Amino acid sequence: AGLGMAQALFRTSRASTPPGCWDMAPLLARNALPRQRLAGEARCSRASRARRVWVGVLVAAALLGGCCRWLSAFAAHGGEGATRSHRTLSARREDGGRAVRMLCSRPAAAAAAARALTARPAEGSGAGQSRPRVVFLGSPECVCSVLEKLAEAGGAEGAFDLCGVVTQPPKNVTRKGKMSLEKTAIHRRAEELGIRQLWTPEKAKDEQFLSELEALAPDICITAAYGQYLPKRFLAAPRLGTLNLHPSLLPRWRGASPVQRALVAGDVETGITILYTVSKMDAGPIALQRTIPLLGNETSEHLLDYLFRWGADLLVNEVLPTVFPGEVSQEIASQQDEALVTHAGLIAKSEGMLWPHNETALQMRDKVRGFFGWPGTTLPVAMSGAEEDAPVGLRVKVSEAEVVRFADLQLGDLAGSDRPVEELLYVPEREGSFPAVGIRPATDPDHVLLLRSFLVPSMPATFAKAFHQKWMSAQPARWMGPEEEAERFADTGGMLRSRNKDGDGPKTKKWPKKGKK
């Protein structure tokens, strides 16, 4: 605006000033009288002094305005925001100084510079106000709800601008003997949503990725199950820091598998924590935390999906509206109590084995809930599908678990006192429940673990009724301890092969015959 006023003043002063004041050569060439020449020089000197005064006033006003805006930015956004505003104003002050120099030498170029400068929207001014820039980091399917919520809230009329997404790079997968590159779920969803900037760096410390992120200058980054360590240079890029959605009640269950560990441990409550990311894993200050009770029938897959959906709503509706204006910051957020820290380490496949010889029914049920999906839960069973075949040892995948009291089943003769505790029980359909196969643990015979879904190796998944008819009706099936399981599994290799009842004779590759009904 100041340069625009200078341009108008320039035109006015030039129109009212004799031509000789701008170029003395033509005036001298006319051999004007000394008195006329002196009068013209006097008028030119007065006009030149007036121009210098006006230019000085405009430059002083520009410097004063820049200082005022820098102070207001410091008060509104803190030191980081002020530093960033200072860098922006420095660049604009250079533009202004260049335009002022052009004003003194080339009026036409000065007018063009003034139009370019006044056309640039000022930060915090009306329709030209820029929205906070947000970058999201995530990878698996369970956090797609977070990306969708951010894209919805960060649309054209949203409170912020979702300007970029970071996810893991595509990986080689083999299906039906063919290898192909598979993108992460977040990668595919970001492409569907039309996110204009998508990064898939091998490592978050990649130099090109960090340089592009710094050039974008996001106001805040949001992570949810991204799967990589974030270096200090990354954490320094966003002006307001990095927020992380963590599906546990921190500081309990820091690490990669918080939901699975909470379920396997039998926790009676869990929740979602939104915290600032620091160099130490899941140790940053907490911006918000909410709690829900656990009922005992949740699985890790469904609980993860629910917690991230809930966390996305809390993030958009409660956390970001307080972070953007500076009401909540990393310095204000609540610090974690290091004395209460428990770690949720990576899950090993062997942890999915059920051992009824030394685990209670509740412990096995919590394993089934927590390890649902991967690695799953496996019950070692000795069973046969025909009377003439000896039982073979197999690892059967099981799911859909429930714990009941043995006395409440009312099985009558089906569960006599002389029946071995290792023998599997078939529980017919009752009012309000489906058929199930029961397991009585050796350490907790008063309770029964009911299982309703089974996957026998090399066969399709089946439910309890069909499992009973095929594998329990001809001969009783029973669970095995670790020693017997290791011996039988080494003998059969986990495949459905039969022996003679005596245990001798050659192995056959014959599938067991269907048992009698």
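Proline 251 sits in the loop between strand 7 (242-246) and strand 8 (254-255). Helices (H or I, at least four residues) and strands (E, at least two) are DSSP runs, numbered from the N terminus.

The model is predicted, so to speak of local features pLDDT must be at least 70, side-chain atom pairs count only at pLDDT 80 or more, and totals for chains, interfaces and linings use all residues. Residues are numbered from 1 along each chain as its sequence is written, and side-chain values use heavy atoms, with hydrogens and water left out.

Now for another cis bond and a backbone angle. Tryptophan 374 and proline 375 are joined by a cis peptide bond with omega about 0°; proline 375 belongs to the loop between helix 11 (361-370) and strand 12 (377-383). Alanine 225 has a phi near 55°, a positive value in a residue other than glycine, and is found in the loop between strand 6 and helix 8 (232-235).

Of its 48 lining residues, Ala225, Tyr226, Gly227, Gly255 and Ala256 are the closest to the centre. A pocket here is an open set of points on a 1 Å grid over the protein atoms alone, where a 1.4 Å probe fits, with protein on both sides within 12 Å along at least five of seven lines; lining residues have an atom within 4 Å of a point.

Helix 10 gives the largest share, four residues. By class, the lining has 24 nonpolar, 17 polar and seven charged residues. Ala, Val, Leu, Ile, Met, Phe, Trp, Tyr, Cys and Pro count as nonpolar, Asp, Glu, Lys and Arg as charged, and the others, Gly among them, as polar.

Helix 5 (residues 144-153) packs with helix 10 and with helix 6. Axes are lines fitted to C-alpha atoms, over the stretch in contact, and angles run from 0 to 180 degrees between N-to-C directions.

| Pair | Axis distance | Angle |
|---|---|---|
| Helix 5 and helix 10 | within 8 Å | roughly 30° |
| Helix 5 and helix 6 | 10 Å | about 25° |

Helix 5 is therefore roughly parallel (under 35 degrees) to helix 10, and likewise roughly parallel to helix 6.

In contact (heavy atoms within 4.5 Å) with helix 10, helix 5 uses residues including Ser145, Lys149 and Ala153, and helix 10 uses Phe308, Arg309 and Leu320, among others. This contact has eight nonpolar, one polar and three charged residues. On the helix 6 side, Cys144, Leu147, Glu148 and Ala151 of helix 5 meet Ala185, Ile186, Arg189, Ala190 and Leu193. Those residues divide into seven nonpolar, no polar and two charged.

Methods
Parallel < 35°, antiparallel > 145°, perpendicular 65-115°, else oblique.
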